[in-house]
Amino acid sequence: MTLNNNQLNIFKIVAEFSSDCLMWFLDDNTIKYISPAVETITGYESQEFIDNTKLFKQLIHPEDKAYVLQEFEDEFNKPHTNSIQFRIIHKDGSTRWVAHRCRPVYDDNKEIIGRVSSNRDITTREIAVQDMLKMTRIVEQSTEAVAIVDANFNTEYVNSAFEKMTGYSLAEVQEINQRSLKSDKQYREFYKEIFDTIAKENIWHGQNSSQKKNGTTYYVDSVIFPLKDESGRIMNYAKTSRDITEQKELENSLQKQEELLRTLINATPDIICFKDGQGRWLEANDADLKLFELDNVDYRGKKDSELAQYSAFYYDAFMACEASDEISWEKGDLSRGIETIPRADGSEKVYDVIKVPLFESDGSRKGLVVFGRDITEMKQVEKTLKQSEDRLSKIMLASNDGMWDWNLKTNEVYFDPRYYEMAGYSVDEFPHSLEEFQKRIHPDYSDTVMNQAQMHLNGEIDRFNVEFLFKKKNGHWMWILGRGVIVERDEQGVPLRFVGTHTDITGLKKVSEALRESEEKYRRIFEESQDAIFVSSAEGRVLDINPAGLQLFGYSSLDEISKINIAEEYINPEDRRKYQQRFLEKGFIKDYELHLKKKDGSELIVIENSTAIYDVDNNIIGCRGIMRDITEKKNLENQLAQAQKLETVGTMVGGISHELNNILQSIFLYGGLVQENLPAEQEIQTNMKHLLENGERAKDIVKQILTFSRKSKVDLKPQPLYKLVLEVLSLEQASFPANIEIKQNIDITDDLVLCDKTQIHQIILNLCNNAEHAMREKGGILSVRLKHTCKPIHDGDPATDAIALTISDTGHGIDPVDLERVFDPFFTTKQFGQGTGLGLSVIYGIVNMMDGHISVSSEVDQGTTFKILLPVVKTEEASQLTPKSKEQSDNFKKSILLVDDQDSIRILTEKILTRKGFLVTSAADGKQALEIFKANPGKFDVIVTDQSMPTISGSELTREVRNSQSDIPIILSTGRLGAEYHKEFKDIGITGFIQKPWTANELIDVIQEIAND
């Protein structure tokens, strides 16, 4: 076998001018020749391959190497031509696609003397193929039919929508030239126009008719455009078609109006405009230019506001478009709206405008695409459609249901994209068949669904309507409402087509279940609520009420309470009128206080919240609401308000009393000193005695005020109350007029009450005198009862042993309005000059100070009753509270540290104590006293200090002294010394107390008592 040099030379000549890499191999795999194009394809020079015969194999992509080397081996082992495609690694590192073709070379004796291969760079084509595959997948999902043909109109590709539309599969349509699919309903000139248009490399857009596989004619709205390669050469033609058969049939039925509509649509195609990121016009179609009369205007690079200068008529329209563009940019997503464009003839064009903003990867504005479809005539046609059709269209659009179409002849079921989406599938993810549908029905419902369908097919029911569970892709079950109806039958009436919808009612089912649970819950709330829940008529008749409401009003059943009229159960009829007026004005009542009557006639105070019930004419026909019993709460609020008023007045009078005490203190000290120095026989001695007696009266008044405010020290001792009551009654018997009878019912008991004898006398005398005043004109009976009882002293307290003192009369009584104020300070129903109004308020303060409770009840012209409850002191407590006698000592002269900020009181007290033999050191305030004491703590036997002083008070001085570890006796002088203060002062180390105003002898007695202790 010899190589023919002539063959090789001819091969070299051809190879030099070829863009493909041509190679000549010998049987031993050595390269005899390789063309210069190899450098373009691989990046390596020809000589490098001749020097290294393995270089080409080394350039094969790793993923393709095994396959390619096997092919190369076959090339040398088998005498045949071989063609493969694979990837190589270019010298610059990039990946290239190569189309490799190899064939044997024979000598004159037909023996193989070598092999020739060609290697073509098909990288660009492969990328295009991959892009085409991507585009094919997109096209496959399109609802429009897509077909790609070669230059001779032989079909290379159709999508599934094309197959559905025409009935032809890809294999079938490849055997048919696209020209043969045209119908006979178009003129020859029509097709010539199409061919002429696309032959000129233009896009053709129009409507035409074609034939399906079954021979029927259908109408499409099509776009035909050329597909070019990189060199600009037309490789294929693509056609997209939208089935408009139904639209055409509708147009045919509308006769002349439909012809006019077709003419208008053809004459007014969509407007299209492209703008850059700054809103400048880049491209616009003829329809857009014609619309705004821009045919002869250089519009490119100009904004709407600049184009507006070319037409005064369209100025506002251009400016509105620019503003609308800005809104679309800000929204950042597709926007759609209806725009009306005025015409020079006074008419208007209506466009459905879609604006799509485009953005760069960094978020900056890239461009804006504007589509506008003339819907002027469509709007006119819509007005001619039946109202029912329009309503149905809107309902279906809003329903978001999945649609199905069952072909009963083929048993094929078409499911629309929404159907798949609803169940979580991608479009066409499971086959369009009845079997696939049945697989996804819950077993418990499968027979029910199919039986319902069969009953409709048999004519037993007028439509298919059933609820069932349907399995989603994720395995979850959703509730479906299936509805359908037969829409097509053959001549014998046999059903051919069964269509309907599937509605996802999972949410509705959940809501229904939640509603059922809610109704059950609120019925339980209605039955178990502690508040009264009711429904009544507009006239006030109870229509429904819960058990709490029956209990609240004291009725046993709804039947019983429904017989009464709430309007007649108001304590004050005027309240009903006010309630009705407010309710009718607002239609509701919020937090409204009502005073009603229970079944037994007792008063019931409630808070009501209610709303009106209306009929279809907006008339109030009833009321529903809630009532809460606040009777006890109102009583407690009244008691609290009373206590707060007394507390406020008590605080005020307590402060006044403090100042009066300081004044009286000076009067007692100076008066006592003057009285000591006057001869007994002088008349001035008598006058001074009268002066001091009046001071004592003033002291008693201050004490009474402090008793009212609970800020005075009282001498509470365990005493049998019956003795004190009898003492007062024995005195009252003689002073009462003859027309008043005193009846007494006193239990003689050993029960002891912690009280002050003087104050008990004051209470009984005051209440008896008030009763006498109430019966003075007509006479009557005064009843005084004293009984042992066991009940709570105050509301909410546990029951305890107590003494009940009741004083009642048969006088004129107290008006209900005044009854709430009887314990107010300075309030009186007596005429001017017959009472101060302090009596009952003082009694109220005394009783509370003794941890007791006082109440009053009265009816006009029937009389008044006061009831006092005081707790009984147990025997062991009484023994501890009874004061023990102390031995008096004459040896009381001590060293005293006297502290008072009132100069007159301090100086005079120091003088009196010094005369009595005490060694007195005085200080003007607590700070000075503390310095004196710390300088010589052992000097003093007793500290006597005022409480209210600037800088350091008496109690603060005590704390400082006790902090120095001193146990020196400390006597505190104050005008406020109630029980609450007494314990507080004891806790900080006060040894003894003396209440202002005091006399010098009273102070000495306290010092003597402290010294003895």
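Five strands, in the order 12-11-15-14-13, form an open sheet with antiparallel pairing; strands (E, at least two residues) and helices (H or I, at least four residues) are DSSP runs numbered from the N terminus, and two strands pair if DSSP finds at least two bridges between them. Strand 12 (281-284) and strand 13 (335-342) each have a single partner strand and stand at the edges, so one side of each is left without a neighbour in the sheet. From one strand to the next the twist averages 25°, with axes being lines fitted to C-alpha atoms, for helices over the stretch in contact, and angles running from 0 to 180 degrees between N-to-C directions.

This is a predicted model, in which local features need pLDDT of at least 70 and side-chain atom pairs count only at pLDDT 80 or more, while totals for chains, interfaces and linings use all residues. Residues are numbered from 1 along each chain as its sequence is written, and side-chain values use heavy atoms, leaving out hydrogens and water.

**Within and across the sheet**
- Nine bridges pair strand 14 (residues 348-359) with strand 15 (residues 365-374) in the antiparallel sense, and lysine 355 stands opposite valine 370 in strand 15.
- Helix 14 (residues 315-331) lies across strands 11 (271-276), 12, 13, 14 and 15, and runs at about 40° to strand 14.

- Strand 6 (residues 145-150) and strand 7 (residues 155-158) run antiparallel and are joined by three bridges, with isoleucine 148 opposite tyrosine 157 in strand 7.

**Confidence**
- The protein averages a pLDDT (the predictor's confidence in each residue, from 0 to 100) of 80, and 82% of the residues score at least 70.

Key:
Contact means heavy atoms within 4.5 Å.
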